[in-house]
Amino acid sequence: MSGEEDWNKKVEDEVVHQEKVNDWDRKVDQVEKELEWESKVEEAEVQVEKELDWDRKVDQVEKELAWESKVEEAEVQVEKELDWDRKVDQVEKELAWESKVEEAEVQVEKELDWD
């Protein structure tokens with residue numbers, strides 16, 4: 001081989017080597033991009049899970065508030081029933097009193113008849 005052929009072979013080898021390096025650089029860049037993308041996907045998944053946890057907490061609070069509302073409604077209903085029971089008791093007492101008054105009137109009438 002002549003000097004020029006040797007030179008051409010070295011240049012050709014260097015070009016082939018540089019092409020291989022460039023290919024590897026592109027592959028490394030691609031892998032780095034994929035890793036960045038995977039990292040972003042993982043961050044998004046973590047964020048979505050946090051939001052889902054938050055949604056579950058909000059749902060739980062809404063259920064508790066709805067339950068509290070039902071409890072309050074039941075308490076109001078119980079209070080109404082207690083008021084009704086108190087009114088019934090009062091009417092029963094008044095009726096019992098009236099009955100005693102009537103009995104007393106009858107007794108007074110009997111006593112007046114004896115006199």
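Author: Let's start with rings: those of Phe, Tyr and Trp (its six-membered ring) pair if their centres lie within 6.5 Å, with planes under 30 degrees apart called stacked, over 60 edge-to-face and the rest tilted. By that rule, the structure holds zero aromatic pairs. Note that this is a predicted model, so local features need pLDDT of at least 70 and side-chain atom pairs pLDDT 80 or more, while totals for chains, interfaces and linings use all residues. Residues are numbered from 1 along each chain as its sequence is written, and side-chain values use heavy atoms, with hydrogens and water left out.

Reader: What makes K27 count as lying over the face of W24?

Author: A charge sits over a ring if NZ of Lys or CZ of Arg is within 6 Å of the ring centre and within 35 degrees of the ring normal. K27 is 5.2 Å from the ring centre of W24 and lies over its face.

Reader: Why is the contact of D13 and K9 called a salt bridge?

Author: The term asks for a side-chain nitrogen of Lys or Arg within 4 Å of a carboxyl oxygen of Asp or Glu. For D13 and K9 the N to O distance is 3.2 Å, so the pair qualifies. They sit four residues apart in helix α1 (residues 3–114), about one helical turn; helices here are DSSP runs (H or I, at least four residues), numbered from the N terminus.

Reader: How do you know that D13 is partly exposed?

Author: Buried means under 20% relative accessible area and exposed over 50%, with partly exposed in between (1.4 Å probe, protein chains only). D13 has 38%, so it lands in between. K9, at 40%, is partly exposed too.

Reader: Which salt bridges does R86 form?

Author: R86 meets E79 at 3.1 Å and D83 at 2.2 Å, taking the closest N and O atoms. R86 and D83 are three residues apart in helix α1, about one turn. R86 is partly exposed at 43%, as is D83 at 32%.

Reader: How many salt bridges are there by this rule?

Author: Six. E49, D53 and R56 are linked in a network of them.

Terms used: Helices (H or I, at least four residues) and strands (E, at least two) are DSSP runs, numbered from the N terminus.
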